[in-house]
Amino acid sequence: MNEQYVKEKMKWYAEAKGLYEAFAEQVLTILQALIEQELPDVKIASCSFRAKKPESLQKKLRKDKYNKDSEITDLAGVRIITYSKRDISCISEIIKRSFEIDIPNSVNKTLTLGEDRVGYRGDHYVILFNSERLRMPENQRFRNLKCEVQVTSLIAHTWSEITHEKGYKFEGELPGELVRRKNLLAGMLELADLEMDAYVESFDNYVNQMEQEAEKGCLKYQINSMSLERFMAWKFTSVSPQVFRDVDLVLKELKRYGLDTIKELNELIHPEFEEEIQKSNWRSLDGIIRNILIIEDADKYFTKVWNPSMNQMNHKNYELYQKFGVDIDRICREHNICII
């Protein structure tokens with residue numbers, strides 16, 4: 001180890017650190033804009049940028065493999081953490097298209113682990129601004145600077161943070177039992193990552209299938225927020241925009257009423273009611289659904305579903321119930337409801 005080299009490098013970095021931090025921030029700003037534009041459905045758990053801490057650099061420089069000819073490629077750093085492992089490859093494609101890649105210093109941690117080992121997995125790229133970006137005046141000061149961009153999943157990031165924190169001050173080999181537990185934990189987390197991806201894919205397939213079948217009038221699905229929204233959009237095309245004030249409350253009311261499937265709800269809707277909705281300029285989906293239930297069986301609704309603290313009914317609803325033969329005057333007397 002050459003202490004003079006370390007001293008000179010640290011003196012240089014004290015002046016250059018601000019530039020590397022600005023570079024990392026600019027890289028992240030560009031990536032955030034590109035991800036938002038090209039991958040609007042991808043949810044990012046977190047993202048950050050940083051310039052390497054002086055103490056971390058000093059520790060790194062004192063390792064035997066570094067000397068005056070060595071290149072440190074992670075003085076600027078960006079980290080993007082996804083919820084889903086499958087989103088890593090999509091973001092990696094954006095990185096490879098948008099920057100010049102220092103291939104020898106970039107690494108796919110999954111590939112380096114191989115098929116028979118467990119541990120941290122993610123994509124690490126060392127990037128530079130290409131000639132196109134350097135033509136912009138605000139980027140010219142970043143010429144020849146390199147930034148390490150890490151893309152990993154939230155689960156893999158958690159593993160990395162825990163093992164780094166616990167091992168940062170530890171030198172030497174861990175006891176065999178701790179090594180075994182560490183490897184078991186890494187395997188569990190990798191399995192969780194895979195299962196998370198499988199769940200997301202199955203969920204997306206379910207939604208896509210439901211949307212396609214809803215367009216054909218398929219009503220077999222259990223009532224949930226998504227199936228209910230799709231059904232209402234299909235059934236009441238004249239209501240626009242369609243708005244739920246409290247879809248969770250509506251779901252609870254449908255359950256208390258005894259409805260489980262969209263088909264059961266659809267069977268309660270009178271054709272005349274659909275016409276009335278079109279004529280009367282209704283907007284609240286909550287109100288439309290409640291009116292369906294009340295018109296079908298008012299006694300059942302006001303006995304099992306109605307909240308007694310809501311002791312008022314607007315005149316528009318009152319007239320609607322009268323029109324469809326609901327004995328609403330008796331209902332109001334029995335449940336102490338006043339018409340406003």
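Asn 336 is found in the loop between α15 (328–334) and β8 (338–339), where helices (H or I, at least four residues) and strands (E, at least two) are DSSP runs numbered from the N terminus. Its phi is near 55 degrees, a positive value in a residue other than glycine. Asn 336 is exposed, with a relative accessible area of 63%; exposed means over 50% relative accessible area, buried under 20%, and partly exposed in between, with a 1.4 Å probe and protein chains only. The model is predicted, so local features need pLDDT of at least 70 and side-chain atom pairs count only at pLDDT 80 or more, while totals for chains, interfaces and linings use all residues. Residues are numbered from 1 along each chain as its sequence is written, and side-chain values use heavy atoms, with hydrogens and water left out.

Asn 144 is found in another loop, between α5 (131–134) and β6 (147–153). Phi of Asn 144 is near 70 degrees, again positive in a residue other than glycine, and Asn 144 is exposed, with a relative accessible area of 64%. Most residues other than glycine have a negative phi, and most peptide bonds are trans. A cis peptide bond joins Ser 240 and Pro 241, with omega about -5 degrees. Pro 241 lies in the loop between α8 and α9 (247–257).

The protein chain as a whole has 15 helices and 8 strands. Of its 340 residues, buried residues make up 40%. Contact means heavy atoms within 4.5 Å. Among contacts between residues at least 6 apart in sequence, 74% join residues at least 24 apart.

Two packed helices are described by the angle between their axes and the distance between the axes. For helix α1 (residues 3–38) and helix α2 (residues 54–61), the angle is about 150 degrees and the axes are 10 Å apart. Axes are lines fitted to C-alpha atoms, for helices over the stretch in contact, and angles run from 0 to 180 degrees between N-to-C directions. α1 and α2 are therefore roughly antiparallel to each other, a label for angles over 145 degrees. On the α1 side, Tyr 5, Val 6, Lys 9, Met 10, Tyr 13 and Lys 17 meet Pro 54, Leu 57, Gln 58 and Leu 61 of α2. The residues of this contact divide into 7 nonpolar, 1 polar and 2 charged; Ala, Val, Leu, Ile, Met, Phe, Trp, Tyr, Cys and Pro count as nonpolar, Asp, Glu, Lys and Arg as charged, and the others, Gly among them, as polar.

Helix α11 (residues 271–280) has Phe 273, Glu 276 and Ile 277 as its buried residues. These cover an arc of only 100 degrees around the axis, which puts them on the same side of α11; the arc is that of the directions from the helix axis to the C-beta atoms. The buried residues of α11 pack against α12 (285–296) and α14 (315–323). The face turned away from the buried side carries the exposed residues Pro 271, Gln 278 and Lys 279. Asn 281, whose phi is positive, near 60 degrees, follows α11.

Leu 285 lies in helix α12 and is buried, with a relative accessible area of 2%. Leaving out residues up to four places away in sequence, Leu 285 touches Met 232, Val 239, Gln 242, Val 243 and Phe 244. Met 226, in helix α8 (residues 225–235), is partly exposed, with a relative accessible area of 21%.

Methods: Angles under 35 degrees count as roughly parallel, over 145 as roughly antiparallel, 65 to 115 as roughly perpendicular and the rest as oblique.
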